Amino acid sequence: MASDRTVGLLGGGQLGRMLLQAANLLEIKVNILDAAGSSAKQISAHDGHIAGSFKDRDAIRALARTSDVLTVEIEHVDTYILEEVARDLGVDVQPAWSTLRTIQDKFLQKGHLLERGVATAESLALAEPSRAELERVSAELGLPLMLKSRREAYDGRGNFPVRTADDFDAALQALSGRSAQGGLQPGDVLYAEKWANFRMELAVMVVKTKDQVLSYPTVETIHEDSICKLTYAPARRVSSATNERAQALARQAVACFAGKGVFGVEMFLLPDDTLLINEIAPRPHNSGHYTIEACPVSQYEAHLRAILDLPLLAEDLELREPSIMLNILGGAGPDSHIRIAREALRQRRTKVHLYGKGEARKGRKMGHITICASTMAEAEAILAPTLALVDGTATPQSSHGSESPSKPSPLVAVVMGSDSDLPVLEPGLKLLTQLGIPHTVRITSAHRTPAHMAEFARDAAASGIRVLIGAAGGAAHLPGMAAAHTWLPVIGVPVKPSIGDGTDSVLSILNMPRGVPVATVAINNAVNAALLAARILAAGTDAAALRARDAVRAYAADSTDEVMGKDARLERIGWKDYLEGMRAK
């Protein structure tokens with residue numbers, strides 16, 4: 001047994017179920033307070049569970065009496081009874097009841113962060129849910145803005161976008177029921193948040209232990225109807241610098257709160273690369289499901305280790321390989337989630353989690369699937385059939401209009417210092433397309449944009465790139481400088497400049513110092529660069545490598561057939577007619 005302390009869990013839904021699965025592996029006893037037959041109780045058979053509501057004060061007291069540590073599956077609990085059992089019964093509440101109380105009121109949460117210098121959207125509380133108050137806050141914050149409920153709002157519920165004054169009445173009507181929540185004063189119901197024109201939604205799972213604050217990698221989240229649908233780990237098209245800044249911001253935010261455990265930090269990435277905290281969940285989170293398969297220690301095990309003071313290392317939270325998580329939501333039929341799960345089981349490298357909720361209801365979280373692969377492109381390809389079933393063959397778009405998640409990510413990056421090199425690269429680019437190898441083409445100069453060039457090369461591997469092709473003429477520093485900033489193989493294409501025969505370009509790329517190798521092809525020979533890149537890809541063992549291998553073999557076979565055909569024609573018509581035919585072309 002990893003710990004002799006018993007954990008009491010308020011809530012037994014899908015998050016509790018996955019927490020129990022982690023606890024069972026370590027023989028940690030968890031007592032659950034929730035309805036009989038809840039998702040978590042289905043996989044834990046002992047007499048320490050309590051049947052009832054996790055909002056019932058007497059039930060919480062009963063759970064506290066049989067537990068050493070209390071934690072939550074959802075933050076919408078009675079924090080005053082948690083304060084009482086911590087004080088009177090000496091039960092360890094994690095994270096701290098004061099943290100839960102602050103975070104469950106989203107306006108207080110935002111104020112708490114802003115007071116401590118953590119970047120988040122500016123917000124104003126409405127003194128009452130009225131048009132006059134909405135007019136007042138909109139005059140200060142500007143339009144558009146987001147009108148939000150301060151409490152018990154999640155998965156888009158309790159939020160209403162106010163784009164113009166014409167939306168005022170509809171917004172107040174949609175959220176008017178919130179004013180009827182028991183015990184709330186008029187000023188504790190709604191708040192307005194300054195509009196964040198984000199280009200991407202990111203999330204970071206943070207683990208706060210007794211003596212450190214650690215973080216999982218930054219992930220990209222795609223929402224549909226305000227519910228998280230897809231999580232990409234690591235985030236696509238995000239630089240390593242932004243990845244690190246997002247993790248640092250998430251750790252800074254969580255460090256502001258008392259207690260231990262896992263926190264889900266959602267944030268916005270703005271067009272200028274500014275990051276703003278959106279919301280914090282003081283518990284394991286939907287955006288961290290991928291960690292079960294993709295990391296050495298899942299967010300659920302990390303939560304248990306943190307609240308029980310068990311060892312945890314930063315490397316335990318590292319990503320083993322790229323992964324995608326897809327939520328399985330209830331559809332039109334009661335078995336819609338089963339059909340999705342069965343389709344997913346047909347695909348390799350796919351792990352299905354069902355939550356034991358019985359018949360599906362529209363929009364209800366019924367399970368999730370996780371795909372881990374050696375590259376994001378491979379994971380996207382594996383996901384495509386299941387995603388097509390979920391979407392009815394439609395390709396989803398993120399809320400910021402990014403590429404379709406099923407579009408293969410590039411494996412080869414072709415970079416040039418100037419667009420004047422593009423005609424030289426054209427034959428190679430056509431060959432990469434013919435071979436079916438996903439690629440991206442960029443302009444980044446070693447001399448005119450050195451910082452951009454270095455950042456692109458440094459981040460290439462994290463974005464799924466496996467080979468870099470760099471074209472340069474004259475001083476031809478681009479391939480070598482790129483190689484200095486990445487561990488990926490780099491292939492240099494010497495370009496014949498306007499002055500000279502290109503020998504200087506060859507020698508510049510060829511004469512790299514020891515320790516920074518660059519493969520070099522002949523002057524202007526972009527075709528050989530493309531073929532060499534394809535052969536490097538083909539040396540792997542995953543699906544992308546096998547496809548590259550088949551493409552290279554087919555190209556070689558076509559080349560053989562072409563030469564043999566020419567030989568047969570030469571033999572048939574003789575060298576004089578053959579030569580005349582060549583001159584006529």
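**Exercise 1.** What is the volume of the second largest pocket, and which residues that line it are the closest to its centre?

*Solution.* The model is predicted.
- Step 1: the volume of the second largest pocket comes to about 1,300 Å³.
- Step 2: its lining consists of 50 residues, and D459, A460, A462, S463 and G464 are the closest to the centre.
- Step 3: two or more lining residues come from each of helix 8 (240-255), helix 12 (376-391), strand 20 (439-443), helix 14 (450-459) and helix 17.
- Step 4: helix 8 gives the most to this lining, with five residues.

**Exercise 2.** Find the order of the four strands in the open sheet, and explain why one side of strand 6 and of strand 8 is left without a neighbour in the sheet.

*Solution.*
- Step 1: the order of the open sheet is 6-9-7-8, and the pairing is antiparallel.
- Step 2: strand 6 (123-125) and strand 8 (159-162) stand at the edges and have a single partner strand each, so one side of each lacks a neighbour in the sheet.
- Step 3: on average, neighbouring strands of this sheet are turned by 25 degrees against each other, direction ignored.
- Step 4: strand 6 is joined to strand 9 (residues 190-194) by three bridges, and L124 stands opposite A192 in strand 9.
- Step 5: helix 6 (residues 131-141) lies across strand 6, strand 7 (145-149) and strand 9, and runs at about 160 degrees to strand 6.

**Exercise 3.** Which residues of the largest nonpolar core touch the most other members, and which element gives the most to this core?

*Solution.*
- Step 1: the largest nonpolar core has 31 residues, of which V412 and I469 touch the most other members.
- Step 2: at least two core residues are supplied by each of strand 19 (412-416), helix 13 (422-434), strand 21 (467-473), strand 22 (490-495), helix 17 (526-538) and helix 18 (543-573).
- Step 3: helix 17 gives the most, with eight residues.
- Step 4: leaving aside neighbours within four places in sequence, I469 is in contact with V412, A413, V414, V415, I491, V493, A529, A530 and A533.
- Step 5: another core, of 23 residues, lies apart from the largest one; L202, V204, A246 and V254 are among its members.

**Exercise 4.** How many helices and strands does the chain have, and what percentage of its residues is buried?

*Solution.*
- Step 1: the chain has 19 helices and 23 strands.
- Step 2: of the 585 residues, 53% are buried.
- Step 3: the C-alpha trace spans about 100 × 55 × 50 Å along its principal axes.
- Step 4: among contacts between residues at least 6 apart in sequence, 65% join residues at least 24 apart.

How values were computed. Residues numbered from 1 in each chain as written. Predicted model: local features only at pLDDT ≥ 70, side-chain atom pairs only at ≥ 80, totals over all residues. Heavy atoms only, no water. Pairing = 2+ DSSP bridges. Axes fitted to C-alpha atoms, helices over the stretch in contact; angles between N-to-C directions. Contact = heavy atoms within 4.5 Å. Core = buried A, V, L, I, M, F, W, Y, C linked by side-chain atoms within 4.5 Å. Buried < 20%, exposed > 50% of the residue type's maximum accessible area, 1.4 Å probe, protein only. 1 Å grid on protein atoms, 1.4 Å probe; cavity = no way out; pocket = protein on both sides within 12 Å on 5 of 7 lines; lining within 4 Å. Points joined across faces, edges and corners; volume = space filled by probe spheres on them.
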